[in-house]
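Here are my notes on the model. Please read them with the structure open.

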Amino acid sequence: MRDEIIAILLKVCNELNEQLKNKIEIGKGEQAPLFGKQGVLDSLGLVNLIVSAESEVEDKFGKSLMLTDGTSLPEANSPFRTIGSLAYYITDLLEDEKQ
Amino acid sequence: MQNKKEFSGIFISNFNLQNFTNYIDNDVGFPLIETELAPFGQVTNILLGAKNETKHDFGFIWTQPHAGFESFSKLMNGQMVSLSTILEEVDVFAEAVKKYSSFVKYLFIASWVLPAYYKGMGLLDLRNDYGISNCLMRMNLHLADRFSDKNNIFLLNSQKWIESAGEEAFSSKLWYLSKTPFVNVVFKEAMKDLKSALKTVTGNSKKLIILDLDDTLWGGIVGEVGWENLKLGGHDFAGESFVEFQTALKALKNRGILLAIVSKNEEVTALEAITKHPEMILKKEDFIAWEINWDDKSKNILNLLRKVNLGAQSVVFIDDNPVERARVRESIPDIFVPEWPKDSMHYVKTLHQLNCFDIAARTDEDLNRTELYQAESERSKLRSSLNSIDDWLVSLKTVVTIEKLSKANIQRAAQLLNKTNQMNLTTRRLSEAELSLWAKQEEHELWTFRVSDKFSDSGLTGIISIHIKDDTAQIVDFLLSCRVMGRKIEETMVRIVLQFCISKGITKLIAEYVPTNKNKPCFDFWKHKSGFIFNEEQNSFLWDFSNVFPDIPQIEIINNA
């Protein structure tokens, strides 16, 4: 499942790069920084990432996903640091739902 | 290195347009746009608070109707509000937009839409008295009516952008998290339309479609199966698709886009098919020219362009054969050769998606363009039958009518100013309002030239203008449509300006040439035929007033200026 999620995130980041001046370094794969100290996303970029990732994951797995808790946007040390950390986070959320 | 941006635009909205401007900032397609995002939610303040120093080429206004109009919001909330009250609010908005339009060259307004999931009054939503969709349609139409007298305001159909994203065009989540109502597909489509609009208003739309024949205009190889057996019309899905494609091309032709043929065939066989096949929508007279033979298509295209006096940058070449497309692309880089589907049932859609045939205004010249080019073809035939160019020019019985800029001709003059490339000394681009303002200034003089001959009336095809300071005049604009180039109209224009200068005691007349990659024909005229002295260092031309500009007996002049 995690590989499929990585593939989804790479696709989402690739699309997101079309509107970013500083691009997400997709070539770094899982290590590509997203949000936080090393990341290239500002708050709107992060919102775009969240909405697109949720939509793509839902299309792929048929499960509704909520990457924000509804109160505030994630902090810098959140699962949104890199593509890899976000993939772990999404995998956990989907697996929690299974149980 | 940062590329120079061709336009600067300000984006005004009552929602967050950052995603939209981010796409524009990062898009490398022509034209490059420098964006400024106005703070959202301040639409009226920005429109009414604009000052003369606003330096943007264009403005782009995109608002949500329920956020911008209190009365419409009430209607959506189930309150009874009269249509007239809502339209009064639209009037206030329209007035603010009109006021703002004098500070920019062009102003684009996105039409109003509501989310597809919003059901309004359901079954009653299109009712005249309280249907919400009905009301929104009327608001959009009312807005369009209010702008009908403004030639630099363009209402863009945002429904198309929404449809391209399908059911998911509106994102509640993006809205709540960032006040962005639309997903990014919508913004990408909007960007395409905006860029297409900017290309159109600056004269970069395509003017001519060159078409292949076999498996492009009809199904099958006419040389092999004969015209009677071509797939065209009839009770056949492929045949129907070719008829629909021809119908779409004819519609473009009726809007002023020129059509021509370049095909590898026997000319007699191909023309017989065009003339005799009962289901041909396009007739022989719909084409301004054709090159039908077995030569290389690139060579034929260049021959054809020479005949019709158009540059490759104005042309789209449509051919079903990928090898021919690649060959033409490689040998004529300026020509637009779109990828073309294998299946003829996708032809119409692909043609519409090219998005390069828009016009900024519709003039008589646009509507009669094919006839004007056909007349040019008659002129060329006459030219080759006569011994000298002078004999030919005399036989044309050309009449040039000179007029000052007026309400009657400003629209066409601005259009000509913004689209003429080849015979254009400075390639200055101005909106209608800017041109009008410029011409009204005391130190400026501008003349327009209408050209007709025994074959056709080419309409307003030339402009010359000067800036005068003391006893010196400088030519600011010198431009002539390629349709009438090389018929002594250029010389006539220069002569008129010289006569004016002499009558006003002007002792120095300069023409400064601003080179572009398209206006060498203009340089050639000034260097070899104008009689002016060329200053290579300054790239300028100077008239020696001790000389006398020769008469042009081949041209009859009617001076109404």
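1. In H19(B), the buried residues are Ile410(B), Arg412(B), Ala413(B), Ala414(B), Gln415(B), Leu416(B), Leu417(B), Asn418(B) and Lys419(B). That is nine of its 10 residues, so the helix is mostly covered. Buried means under 20% relative accessible area, exposed over 50%, and partly exposed in between, with a 1.4 Å probe and protein chains only. Helices (H or I, at least four residues) and strands (E, at least two) are DSSP runs numbered from the N terminus.

2. A word on the basis. This is a predicted model, where local features need pLDDT of at least 70, side-chain atom pairs count only at pLDDT 80 or more, and totals for chains, interfaces and linings use all residues. Residues are numbered from 1 along each chain as its sequence is written, chains are lettered from A and ligands numbered from 1 in the order in which they are written, and side-chain values use heavy atoms, leaving out hydrogens and water.

3. Next, the cavities. The structure holds four of 30 Å³ or more. The second largest cavity has about 230 Å³ of space. A cavity is a set of points on a 1 Å grid over the protein atoms alone where a 1.4 Å probe fits but cannot get out; lining residues have an atom within 4 Å of a point. Grid points are joined across faces, edges and corners, and the volume is the space filled by probe spheres set on the points.

4. Which residues lie nearest the centre of the second largest cavity? They are Lys207(B), Lys419(B), Thr420(B), Ser481(B) and Cys482(B), out of 20 lining residues. H19(B) gives the most to this lining, with three residues. The lining of the second largest cavity also draws at least three residues from each of domain 2 (208-353) and domain 3 (387-559) of chain B.

5. On the domains: chain B is divided into domain 1 (7-201), domain 2 (208-353) and domain 3 (387-559). These bounds come from an automatic or database domain assignment. The centres of domain 2 and domain 3 of chain B, taken over C-alpha atoms, are separated by 36 Å. Their contact (heavy atoms within 4.5 Å) takes four residues from domain 2 of chain B and five residues from domain 3 of chain B.

6. Last, helix H22 (residues 520-528) of chain B. Cys522(B), Phe523(B), Phe525(B) and Trp526(B) are buried there. They sit on the same side of H22(B), because they cover an arc of only 160° around the axis. The arc is that of the directions from the helix axis to the C-beta atoms. Exposed Lys520(B) and His528(B) are on the face turned away from the buried side of H22(B).

Technical notes
1 Å grid on protein atoms, 1.4 Å probe; cavity = no way out; pocket = protein on both sides within 12 Å on 5 of 7 lines; lining within 4 Å.
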